[in-house]
Amino acid sequence: MTGRREAAAAPGPRDGGRRTGEWRARAGWTAAAGAVLAAGLVAPGLVPAGAASPLGGALYTALLYTLLSAAAPRLGPWRAGAAALAVGWAVELFQLTGLPADLARHSRLARLVLGTTFDPADLLGYALGAAAATALHLLARRLARRER
């Protein structure tokens with residue numbers, strides 16, 4: 001193969017740099033997801049009972065945010081925040097059907113991912129988590145631009 005097609009198929013310096021940057025971003029977001037997951041499993045047990053549910057919801061949404069950002073690094077903070085919030089709210093509303101509670105009886109993973117019972121306070125926790133994750137991402141971007 002010669003000519004234009006070959007040149008189009010070979011990655012240029014810009015494409016190679018973009019791919020390298022995306023892999024770094026994915027690795028960073030994956031590490032962040034691990035940290036948020038660990039915090040989500042430990043932190044709610046360390047705070048007063050009234051704060052555990054909103055904190056758990058916020059960390060759940062932050063985990064969704066980091067996973068979405070790892071899967072699609074070019075998604076951007078606002079879209080990642082909106083998507084994480086939408087997924088969190090959808091999961092919470094899905095609990096109204098009773099199906100997550102049935103699944104939780106058979107699977108601990110289903111219990112952790114889907115929860116069991118609807119709690120309107122969780123909706124606020126999800127919103128706080130999405131807002132915090134988005135704000136931290138925007139702040140990190142701003143700081144990274146200053147260092148350039």
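The second largest pocket holds about 370 Å³ of space in this predicted model. A pocket is an open set of points on a 1 Å grid over the protein atoms alone, with protein on both sides within 12 Å along at least five of seven lines, and lining residues have an atom within 4 Å of a point. Volume is the space filled by probe spheres set on the points, which are joined across faces, edges and corners. Of the 13 lining residues of the second largest pocket, Ala25, Pro73, His137, Arg141 and Arg148 are the closest to its centre. Helix 2 and helix 7 each contribute at least two residues to this lining, where helices are DSSP runs of H or I with at least four residues, numbered from the N terminus. The lining comprises 5 nonpolar, 2 polar and 6 charged residues; Ala, Val, Leu, Ile, Met, Phe, Trp, Tyr, Cys and Pro count as nonpolar, Asp, Glu, Lys and Arg as charged, and the others, Gly among them, as polar.

The largest pocket has a volume of about 800 Å³. Its lining consists of 29 residues, with Gly56, Tyr60, Arg111, Leu112 and Val113 nearest the centre. Two or more lining residues come from each of helix 2 (13-42), helix 3 (49-71), helix 4 (77-94), helix 6 (108-114) and helix 7 (120-147). Helix 3 provides the largest share, 9 residues. By class, 16 residues of this lining are nonpolar, 8 polar and 5 charged.

Tyr60 also belongs to the largest nonpolar core, which has 13 residues and in which Tyr60 and Tyr65 have the most contacts. Such a core is a set of buried Ala, Val, Leu, Ile, Met, Phe, Trp, Tyr and Cys residues joined through side-chain atoms within 4.5 Å, buried being under 20% relative accessible area with a 1.4 Å probe and protein chains only. Leaving aside residues up to four places away in sequence, Tyr60 touches Gly88, Val91, Leu112, Val113 and Tyr126, a contact being heavy atoms within 4.5 Å. A second, separate core of 6 residues includes Val36, Leu59, Ala62 and Leu63.

The protein contains 7 helices and 0 strands. Of its 148 residues, 29% are buried. Among contacts with a separation of 6 or more, 62% link residues 24 or more positions apart.

Residues are numbered from 1 along each chain as its sequence is written, and side-chain values use heavy atoms, with hydrogens and water left out. Local features need pLDDT of at least 70 and side-chain atom pairs count only at pLDDT 80 or more, whereas totals for chains, interfaces and linings use all residues.

Technical notes. On a 1 Å grid over the protein atoms alone, a cavity is a set of points where a 1.4 Å probe fits but cannot get out, and a pocket is an open set with protein on both sides within 12 Å along at least five of seven lines; lining residues have an atom within 4 Å of a point. Buried means under 20% relative accessible area, exposed over 50%, partly exposed in between (1.4 Å probe, protein chains only).
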